[in-house]
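I opened the notebook to look up a few things in this structure. Here is what I went through, entry by entry.

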Amino acid sequence: MNPKKIFYMTTAIAYTSGKPHIGNTYEIVLADSIARFKRAQGYDVRFQTGTDEHGQKIQLKAEALGQTPKEFVDGVAGQIRDIWDLMNTSYDKFIRTTDDYHEKQVQKIFKKLYDQGDIYKGYYEGLYCTPCESFWTPSQLVDGKCPDCGRDVQPAKEEAYFFRMSKYADRLIEHINTHPEFIQPVSRKNEMMNNFLLPGLQDLCVSRTSFTWGIPVDFDPKHVVYVWLDALTNYITGLGYDCDGNHGELFQKYWPADLHLIGKDIIRFHTIYWPIFLMALDVPLPKQVFGHPWLLQGDGKMSKSRGNVLYADTLVDFFGVDAVRYFVLHEMPFDNDGVISWELMVERLNSDLANILGNLVNRTISMSNKYFGGVVRDGGMSEPVDDDLKAVVLDSVKKADAKMDELRVADALTEIFNIFRRCNKYIDETMPWSLAKDEAKKECLATVLYNLVEAITIGGSLIEAFMPETSEKILRQLNTEKRDLADMNQFGLYPSGNSVTDKPEILFARMDIKEVLAKVDAMHAAEEAASSPAKAPESDESDAGQTAEAKDIDLEYKPEITYDDFAKLQFAVGEIIACEAVPKSKKLLCSQVKIGNQVRQILSGIKAWYTPEEMVGKKVMVVVNLKPAKLAGMMSEGMLLCAESPDGSLALMTPEKDMPAGAEIC
């Protein structure tokens, strides 16, 4: 038996500055679809992802939250991995740039490059963008701002080590010209050549002294290794690369990488800096770097500062994992940006997933049960319409295979859904309900249903790379196993006489766009209400001395309720054991509240009246059976009860006597 072909692919490692939005999440789903499809093609796949955890931006964020940088990145890295797992991605390795083995190799790489003269010490004076962690010259700015993110830049001067990029520029240009597949799509290649390489490369700053959260340069500890030399090397350190030459088995087996899958905004670092670093280390270059486009919402790139961010877990709550996977993969062209919206999500769910796919599977299984007791048998008949169905199915398999080799994932999905569309047309053409009325056409009916089940088996196996849970559900209902790609190129492998399930499952339920938008509005309203309580009272000398005796209020009563209504609510005493401000929220505090032997996370819009330090240790009254809700992207699992004064100030409700956490309030 011949050994399997090797395929090593990576995503860019996610920067741990905050929770990734659906545009960031698209990349891991795209990579997963490629990895799964390669496995179906018979490849031995190694799929690596991870997190980029050093840099000034992270140090500043951690300091603002009163955390160490390591505490901060531990939390965000865990959040990123949770989302990658939520989206059912099949990575083999999740590397963190704070992993000890990675840090040690980065130090050894830096020292080696310094010893051989590729790195030298100097001073850098320029304009620095903290969010992008990049230096720029005045000529590179756009309207006086960072050309990458559009934010303000600040003058900066500091001692730094530099890499001699120009030393390897001609060699890289030659490599790109002789390996046209190296940078994809071609538009990215042209951009790199014309805008950066051909005008001439400047030496690259590879260390910093103005912050400390990074890998120390071991022979000059006041310097830390700058982000790109640190981050890019994860692709080899994660395989067991050793700068001394004692490489691990995985590195020897899988390097060079077959594919680096990255966003188009970091194509320069991966197609100029990274290959030059590898040349200096005498390590083979990756075979291909693909800079995918962005997933946009509305009229621009998703940004927390723009307030147009969608998160994967929110979309999954509405539509399910596979529907979200289908959407982001289907709506992204090969080299142009895609657009996401609630309306388009619902439209795709109803038209493609519920109607074309879900309805096809359901009625095929239902007809098999109705006419043959669930037994699927090849009647041996062959009409032109049958031959055409088979031809379309097998042709679609070949086309999808070819599209995936070109990384045209959206086009591959279209080819797969052509199978399901042709099956629906086949039902309309053959009219099984009519064949069932004529005993003489029983074998024709059996053939039609067999052909449908076989076609759906092929399509269901083919779609596993893109919608793995849906594929498993389809094949389980058909009582068959997923096929490898080689077996998808044959029609008629479904065992004649096999039985399908007698209880077909609805794969995707149709959704009403008005109801979805109403839920979205309610979700946004809840977030806004939680983050926008009444304003804190301003200081007024005329109020002095009135805090000891609060003024009475004429309460505006709500409609009466019954005891049964009241009994639906459950209140308990909770003890706040930890509290912190919610990042980028002016109103919210996030409390960890101990209730009996449980700890609940509860978000409250009380930052104007309490500091996190004041909250810790308080016994408070909690609504414990309130449905969890997401506020500012975080889950809140209850409500703290407060009293509100006429001027809008809030005070937490606390028990008069000391009561244990978990005591029920009745």
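Which residues in H13 meet which residues in H18? I found Leu357, Val361 and Ile365 in H13 meeting Thr470, Ile474 and Gln477 in H18. Contact means heavy atoms within 4.5 Å. I sorted the residues of this contact into four nonpolar, two polar and no charged. Here Ala, Val, Leu, Ile, Met, Phe, Trp, Tyr, Cys and Pro count as nonpolar, Asp, Glu, Lys and Arg as charged, and the others, Gly among them, as polar.

A note on sources. I am reading a predicted model, where local features need pLDDT of at least 70 and side-chain atom pairs count only at pLDDT 80 or more, while totals for chains, interfaces and linings use all residues. Residues are numbered from 1 along each chain as its sequence is written, and side-chain values use heavy atoms, with hydrogens and water left out.

Entry: helix packing. H13 covers residues 342-372 and H18 covers residues 468-477. They pack at an angle of about 10°, with axes 11 Å apart. Axes are lines fitted to C-alpha atoms, for helices over the stretch in contact, and angles run from 0 to 180 degrees between N-to-C directions. H13 and H18 are therefore roughly parallel (angles under 35 degrees).

Entry: the whole protein. I noted 22 helices and 28 strands. Both are DSSP runs, numbered from the N terminus: helices (H or I) have at least four residues, strands (E) at least two. Buried residues make up 52% of the 666 residues; buried means under 20% relative accessible area (1.4 Å probe, protein chains only). The C-alpha trace spans about 100 × 80 × 45 Å along its principal axes.

Entry: an open sheet. Four strands run in the order E6-E5-E7-E9, with antiparallel pairing. Two strands pair if DSSP finds at least two bridges between them. E6 (134-136) and E9 (204-205) are at the edges with a single partner strand each, so one side of each has no neighbour in the sheet. E5 (residues 119-129) pairs with E6 over three bridges. Tyrosine 128 stands opposite phenylalanine 135 in E6.

Entry: strand E13. Which way do its residues point? Val289 and Gly291 point one way, Phe290 and His292 the other, and all are buried. E8 (residues 183-184) pairs with E13 in the parallel sense over two bridges. Glutamine 184 has phenylalanine 290 as its bridge partner in E13. E12 (residues 259-263) also pairs with E13 in the parallel sense, over four bridges. Glycine 263 stands opposite histidine 292 in E13.

Conventions: Parallel < 35°, antiparallel > 145°, perpendicular 65-115°, else oblique. Buried < 20%, exposed > 50% of the residue type's maximum accessible area, 1.4 Å probe, protein only.
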